[in-house]
Amino acid sequence: MLQLSASVGISVIDGRYANADQVLHDADLALYRAKEAGRNRFELFDEVMHRNAMDVLDLEQGMRDALGRDEFEPWFQPLVRLSDGAIQGYEALLRWNHPERGMLAPGAFLGVAEDSGLIEAIDWRMFERALEAGKALAGRSRYITLNASPRLFHRGDFDQRLLALAARLEFDPCLLRIEVTEGSLLRDPEAMVGILQRLADAGVEAALDDFGTGYSSLGHVHRFPLRMIKIDRSFVIPFAEGAAPRRSSALIEAILALGRALDVEIMAEGIETPAQCGALQSMGCVFGQGYLFGRPAPAKDWI
């Protein structure tokens, strides 16, 4: 027996609509909410949804203006060796220097940037500014890492474009690492292997970000030419006071064993307390990142 279900978005026609396209647009927004709420249901477009839609449109236009005014900039957070706190490199983190709201972290706008497609232009401008500012931070075995959104890998020439940018700015590719998410790796695994391998051949190494929160896990990670795996902060949080459930320790120990087997560096994210640092060291974790060692700041603050 075939069972059918449907998600429905409803918009009630009233005086605010000037044409059918506007009605369909709002009904479509309601449909998306119905799907996000679990499907097999209906949602009515209302004033709250209207305000949210207008907020998204305002934010999108604000980001377009910000690109024109060059308001997106890189801040840097150190990546350290846990045993002595020696800085190994810096992660370049996106910030929006908003003229009215001040310095905004990605959580305030990244979702809309990705949905609207603006993330590509933002990322490339971010890369350019990060490499320019990162020249003073990299070197002496210190590297800069850049976070690449999944959308950038839709184009097969990502590696060529990145290497051309580094050459134009005279930034040594061997001092550059690209952080990718598990979702990026699995979108088109064969293409990703090719892109990451071509980058590796040119000296640009890859880091797998937020490991354990996505889909690749242990069964896929060995396929990709990775230099580093970053343990997601959610696995580090339980060690805030030092002691943690055995299951949390077992998960981190398994990731560390994977790193040793694949000859891949393991770095723990989100370290905020000495107790977390000590617990990770006792398990054999060599590298870390977090507020304990430094909050994100402009490059000039680290020079």
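**Close-up views of a predicted model**

View 1. Glu-120 is found in helix H4. The model is predicted. Glu-120 counts as buried, with a relative accessibility of 15%, because buried means under 20% relative accessible area. Leaving aside residues up to four places away in sequence, Glu-120 touches Arg-151, Leu-152 and Arg-155. Asp-209 lies 89 residues from Glu-120 in sequence; in space, the two are 19 Å apart, C-alpha to C-alpha.

View 2. Trp-124 is buried at 11% relative accessibility, and Phe-127 is buried at 1%. The ring centres of Trp-124 and Phe-127 are 5.3 Å apart, with 80° between the planes. The pair is edge-to-face because its angle is over 60 degrees. Trp-124 and Phe-127 also belong to one aromatic cluster together with Phe-153 and Phe-158.

**View 3. The aromatic pair of Tyr-90 and Trp-302.** A search of the whole structure finds 7 aromatic pairs, one of them formed by Tyr-90 and Trp-302. The centres of the two rings are 6.0 Å apart and their planes are at 50°, so the pair is tilted. Tyr-90 lies in strand E4 (residues 87-98), whereas Trp-302 lies in the segment after strand E11 (287-288). The pair therefore ties together parts that are 212 residues apart in sequence. Tyr-90 is buried, at a relative accessible area of 1%. Trp-302, with a relative accessible area of 23%, is partly exposed, because that class runs between the limits of 20% and 50%.

**View 4. Arg-177 over the ring of Tyr-143.** This view shows an arginine and a tyrosine, Arg-177 and Tyr-143. Arg-177 lies over the face of Tyr-143. The distance from the ring centre is 3.9 Å.

**View 5. Arg-295 over the ring of Tyr-291.** Here the charged end of Arg-295 sits over the ring of Tyr-291. The charged end of Arg-295 is 3.9 Å from the centre of the Tyr-291 ring.

Terms used
Residues are numbered from 1 along each chain as its sequence is written. This is a predicted model: local features need pLDDT of at least 70, side-chain atom pairs count only at pLDDT 80 or more; totals for chains, interfaces and linings use all residues. Side-chain values use heavy atoms; hydrogens and water are left out. Rings of Phe, Tyr and Trp (its six-membered ring) pair if their centres lie within 6.5 Å; planes under 30 degrees apart count as stacked, over 60 as edge-to-face and the rest as tilted. Helices (H or I, at least four residues) and strands (E, at least two) are DSSP runs, numbered from the N terminus. Buried means under 20% relative accessible area, exposed over 50%, partly exposed in between (1.4 Å probe, protein chains only). A charge sits over a ring if NZ of Lys or CZ of Arg is within 6 Å of the ring centre and within 35 degrees of the ring normal. Contact means heavy atoms within 4.5 Å.
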